[in-house]
Amino acid sequence: MVSSQLSGLTKTHMRKPLMSQFFSENPPDTGVTDHVELDFADVFGPLPVQASTEGNCGDLANPLNATDFAELIYDEPAVVYNRSHSLVGPSSCVSQSLKLNKLTLHETEDAMELVELEELSIDDEADEKAIENASGDSVDVHGVRIEDFEILKVVGQGAFGKVFQVRKKGTSEIYAMKVMRKDKIVEKNHVEYMKAERDILTKVDHPFIVQLKYSFQTKYRLYLVLDFINGGHLFFQLYHHGLFREDLARIYAAEIVSAVSHLHANGIMHRDLKPENILLDADGHVMLTDFGLAKQFEENTRSNSMCGTVEYMAPEIVLGKGHDKAADWWSVGILLYEMLTGKPPFIGGNREKIQQKIVKDKIKLPAYLSSEAHSLLKGLLQKDASKRLGSGPTGSEEIKRHKWLKPINWKKLEARDIQPSFRPEVAGKHCIANFEKRWTDMPLSDSPAASPKSNVNPFVNFTYVRPAASFLQKNSPA
């Protein structure tokens with residue numbers, strides 16, 4: 001995550017509203033001030049520790065008592081421009097004819113430098129070896145090293161390093177390379193989270209989840225190479241237009257439900273579902289990303305960590321009662337509420353005040369939403385996790401069969417045959433228009449990294465190569 005103050009954001013920098021069938025009309029006399037202070041996340045990054053409304057993993061000192069759920073309150077739709085989780089931008093779009101700089105990474109103890117047209121050899125652990133693929137088969141593959149990639153742009157920055165747009169040499173393939181400093185990971189006691197993120201990404205294969213292509217390491221850093229998704233955050237559009245109409249929100253929600261269902265079926269809780277972790281690809285489909293707080297679980301077991309981002313955190317996590325996969329469905333409910341109303345239901349004040357609202361306040365359900373939307377939101381935002389939609393014996397099928405999602409053909413949806421009515425503005429796979437200009441203007445270098453203090457490498461067996469082409473590659477147009 002990074003924090004930034006966006007100065008000089010005026011109406012002239014914002015896209016004009018699209019056709020009304022995509023987005024609900026904004027109430028009159030609303031606008032953006034010249035100076036708006038916003039917090040937003042990087043494309044693929046864990047949370048930094050900072051005084052904000054975003055929580056790290058830990059214990060909650062003063063648990064609160066939960067109350068009954070909600071009453072139906074008829075409010076007018078509110079459009080919130082000063083949102084804590086909005087991506088702002090975009091920068092100018094880069095055409096596919098962009099002349100690429102011939103740059104490669106060279107790592108030293110002092111810095112990770114970019115060296116022009118020079119092949120470098122480093123002590124990497126990505127030698128040729130047998131890698132186990134997702135189906136359990138063993139295949140012979142060649143590992144990759146940092147010299148195998150050309151660095152094009154910075155597209156994000158997180159607590160442990162930067163995210164680069166890269167091209168694999170000898171190919172036309174563009175990826176996102178997440179580069180993380182080992183010394184910072186160890187310092188923040190995030191070793192197990194980083195290892196879990198890598199392990200989880202090797203096990204998921206779903207049309208609405210970003211795929212890990214390669215992972216490797218050097219003495220100073222870890223590298224995750226993922227599909228490059230350049231349509232921007234889903235809520236980039238929400239920030240500009242206020243809220244989505246129900247028919248468009250339904251497709252987005254269904255794709256999110258499908259992705260989360262896949263995770264749960266594979267014994268994985270995401271635990272940090274929020275707007276910054278939901279991207280749009282060039283075709284307008286949802287892509288779930290950032291598994292930095294994800295955890296593998298067994299049925300009928302609970303986790304006692306307090307993890308996630310406060311506004312999207314389930315009551316049982318706030319109360320420190322232990323949580324299971326039902327916490328993800330609460331977050332899905334918060335995301336749906338935000339899509340339909342323009343803001344999360346629990347906002348305002350510091351972290352402690354928001355936590356109090358989550359466990360005590362009743363949800364306000366605006367009258368302009370359909371009764372089916374009311375029903376689904378009430379089911380997902382049930383404060384009692386055992387009664388929450390998706391927690392029953394049929395799991396996610398309870399949600400998929402809900403009457404608000406009845407128009408969805410799930411087989412067609414998961415085959416990507418249902419096209420959302422909105423497509424982001426993307427001029428080819430090199431386009432960086434939907435990334436914050438603050439990042440894309442950054443110099444192509446990384447900060448110095450200290451040598452690991454321990455002689456024992458905690459990241460053994462980190463190397464990975466996905467043996468088969470990703471879903472996106474197999475289904476993308478030529």
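# Salt bridges, helices and loops

Trainee: Which residue does the side chain of Asp281 meet in a salt bridge?
Mentor: A salt bridge is a side-chain nitrogen of Lys or Arg within 4 Å of a carboxyl oxygen of Asp or Glu. Here N and O are 2.6 Å apart, and the partner of Asp281 is Arg416.

Trainee: How many residues apart in sequence are the parts that this pair ties together?
Mentor: Helices are DSSP runs of H or I with at least four residues, strands are runs of E with at least two, and both are numbered from the N terminus. Asp281 lies in the loop between strand 13 (278-280) and strand 14 (286-288), while Arg416 lies in the loop between helix 10 (410-414) and helix 11 (437-440). So the pair ties together parts whose separation in sequence is 135 residues.

Trainee: Are Asp281 and Arg416 buried or exposed?
Mentor: Buried means under 20% relative accessible area, exposed means over 50%, and partly exposed is in between (1.4 Å probe, protein chains only). By that rule, both Asp281 and Arg416 are buried.

Trainee: What should I know about the model, and what is its mean pLDDT?
Mentor: This is a predicted model, where local features need pLDDT of at least 70, side-chain atom pairs count only at pLDDT 80 or more, and totals for chains, interfaces and linings use all residues. Residues are numbered from 1 along each chain as its sequence is written, and side-chain values use heavy atoms, leaving out hydrogens and water. pLDDT is the predictor's confidence in each residue, from 0 to 100. In this protein 65% of the residues reach 70 or more, and the mean pLDDT is 74.

Trainee: Where does pLDDT stay under 50?
Mentor: Where pLDDT is low, the predicted coordinates should not be read in detail. Please keep that in mind for residues 25-104 and residues 113-141.

Trainee: How many helices and strands does the protein have?
Mentor: The protein has 478 residues, and 57% of them are buried. Its secondary structure comes to 12 helices and 16 strands.

Trainee: How many salt bridges does a search of the whole structure find?
Mentor: One of them pairs Lys437 with Asp441, with the closest N and O atoms 2.7 Å apart, and Lys437 is partly exposed at 40% relative accessibility. Over the whole structure, the search finds 15.

Trainee: What separates Glu187 and Lys184 along helix 1?
Mentor: These two also form a salt bridge, with their closest N and O atoms 3.8 Å apart. Glu187 is exposed at 53% relative accessible area, whereas Lys184 is partly exposed at 28%. They are 3 residues apart in helix 1 (residues 182-187), so their separation is about one helical turn.

Trainee: Why are the buried residues of helix 7 on the same side of that helix?
Mentor: In helix 7 (residues 351-360), Ile354, Gln355, Ile358 and Val359 are buried. The arc is taken from the directions from the helix axis to the C-beta atoms. They lie on the same side of helix 7 because the arc they cover is only 130°.

Trainee: Which helices do those buried residues pack against?
Mentor: A contact means heavy atoms within 4.5 Å. The buried residues of helix 7 pack against helix 5 (315-318) and helix 6 (326-341).

Trainee: What is the relative accessible area of Ile268?
Mentor: Ile268 is in strand 12 (residues 268-269). Beyond four places in sequence, it touches residues including Ile200, Val204, Leu263 and Phe297. Ile268 is buried, and its relative accessible area is 0%.

Trainee: What is the phi of Arg271?
Mentor: Most residues other than glycine have a negative phi. Arg271 lies in the loop between strand 12 and strand 13 and is buried, with 7% relative accessible area. Although Arg271 is not a glycine, its phi is positive, about 70°.

Trainee: And where is Asn461 found?
Mentor: Asn461 also has a positive phi, near 60°. Asn461 is exposed, with a relative accessible area of 59%. Its place is the loop between helix 11 and strand 16 (464-465).
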